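The following exercises ask the reader to locate residues and elements in a structure and to describe their surroundings. Each task is followed by a worked solution.

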Amino acid sequence: MGHFNITNQILSIEVLQSWNGLTLDKLFKDHWKAPKKLVHEWRMSKEVKLNGNTVSWTTTLSEGDTISIPLMNAENETVKAVDLGISILYEDDLLLIANKPAGMDTHPSQPGDTHTLINGVAYHLQNTGQTCMIKHIHRLDKDTTGAVLFAKDRLTGSMLDRMLEERKIKRTYVALVEGIIQKNEGKINEKIGRDRHHATRRRVSPTGQVAITHFQVLKRDSKKNLTLVSCTLESGRTHQIRVHFSHLNHPLAGDTLYGGKNTFPRQALHARKIEFIHPISEEKMIIEAPFLDKSGIFETL
């Protein structure tokens, strides 16, 4: 990834061929769709440079030019760094992907909560001498393991947020469900809403939010009466995979909240793979997360 780097809080980006003919203004506003507030700050400060020079925002870019952007991360709320032994699956100057263990929230849910993935990632940054911000782009349930994407600056964070909204970040999960699913693949299209009778549970509800899960059967274990499935989501609702398979009468193994047997210490769900186009280098990213369990939930693979 020689196409960008950060030195002394300045992000230097080499202009790609696909940006030829764009003005600085068009690159920020139309191509990157950067937040208006950020673009305004950068324009006012006159600190965005082209080939080391302060230029007009109507200047046309050419392949191989270098754009320098000051990273204004001063407003980043500090995340307490805690050594939680988090495994980093991929990292560059702008983003990283961590492998979340079970029994850990993605981020603190109440003040004083420091045993979370973002605290462990903050420790990794501190330990490697990085003073950037850190922001999670999506979440996983406390007992779900696997890949979680983080941004290290406001521009990358806003671009990844938008890509997530526009479903341009594809996440593939692996789940072990109870019973034998006969179909080799399928689509579950059932709206999901809150369960009025339970604080954390969700349920299939005609008045809920649209939720679509695609699945493929990877393996059937008739002795244990379990099916291993791979799933992708067209939407990312809370507990979506858990609710959808429970609705099909195939709750996740270990998922007692949704009718699963107490086979494992947690629901058998792992975020196995994340795929997206890197917002700045525009390279295709495919990152896989190895299984983390000591309990051997997925050892049949």
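**Exercise 1. Locate N249 and state whether it is buried or exposed.**

Step 1. N249 belongs to the loop between helix 5 and strand 16 (269-277). Helices (H or I, at least four residues) and strands (E, at least two) are DSSP runs, numbered from the N terminus.

Step 2. The structure is a predicted model, in which local features need pLDDT of at least 70, side-chain atom pairs count only at pLDDT 80 or more, and totals for chains, interfaces and linings use all residues. Residues are numbered from 1 along each chain as its sequence is written, and side-chain values use heavy atoms, with hydrogens and water left out.

Step 3. The phi of N249 is near 65°, a positive value in a residue other than glycine.

Step 4. N249 is exposed because its relative accessible area is 64%. Buried means under 20% relative accessible area, exposed over 50%, and partly exposed in between (1.4 Å probe, protein chains only).

**Exercise 2. Describe the backbone and the exposure of K33.**

Step 1. K33 sits in the loop between helix 1 (24-31) and helix 2 (36-45).

Step 2. K33 is not a glycine, yet its phi is positive, near 50°.

Step 3. With a relative accessible area of 46%, K33 is therefore classed as partly exposed.

**Exercise 3. Determine which residues of helix 3 are buried and what they pack against.**

Step 1. Helix 3 (residues 117-127) is mostly covered, with 8 of its 11 residues buried.

Step 2. The buried residues are L117, I118, N119, G120, V121, A122, H124 and L125.

Step 3. These buried residues pack against strand 6 (87-91), strand 7 (95-100), strand 8 and strand 9 (145-151). Contact here means heavy atoms within 4.5 Å.

Step 4. Just after helix 3, G129 takes a positive phi of about 70°.

**Exercise 4. Identify the partners of strand 15 and describe its turn.**

Step 1. Of the 8 residues in strand 15 (residues 226-233), 7 are buried, and the strand is mostly covered.

Step 2. Strand 10 (residues 170-178) runs antiparallel to strand 15 and is joined to it by 7 bridges. Two strands pair if DSSP finds at least two bridges between them. Within this pairing, V177 stands opposite T227.

Step 3. Strand 14 (residues 212-221) also pairs with strand 15 in the antiparallel sense, over 8 bridges. Here H214 stands opposite T232.

Step 4. Strands 14 and 15 form a hairpin with 4 residues between them, and N225 in the turn has a positive phi of about 55°.

**Exercise 5. Characterise the largest pocket and its lining.**

Step 1. The largest pocket holds about 1100 Å³ of space. On a 1 Å grid over the protein atoms alone, a pocket is an open set of points where a 1.4 Å probe fits, with protein on both sides within 12 Å along at least five of seven lines; lining residues have an atom within 4 Å of a point. The volume is the space filled by probe spheres set on the points, which are joined across faces, edges and corners.

Step 2. The lining has 38 residues, and R139, R171, G236, R237 and T238 lie nearest the centre of the pocket.

Step 3. Elements that each supply at least two lining residues include helix 4 (154-165), strand 10, strand 15 and helix 5 (240-247).

Step 4. By class, 9 lining residues are nonpolar, 14 polar and 15 charged. Ala, Val, Leu, Ile, Met, Phe, Trp, Tyr, Cys and Pro count as nonpolar, Asp, Glu, Lys and Arg as charged, and the others, Gly among them, as polar.

**Exercise 6. Give the strand order of the open sheet of 5 strands.**

Step 1. The order is 1-2-5-3-4, with antiparallel pairing.

Step 2. Strand 1 (4-7) and strand 4 (53-54) are the edge strands, each pairing on one side only.

Step 3. Strand 3 (residues 49-50) and strand 5 (residues 66-70) pair over 2 bridges, and the bridge partner of L50 in strand 5 is I67.
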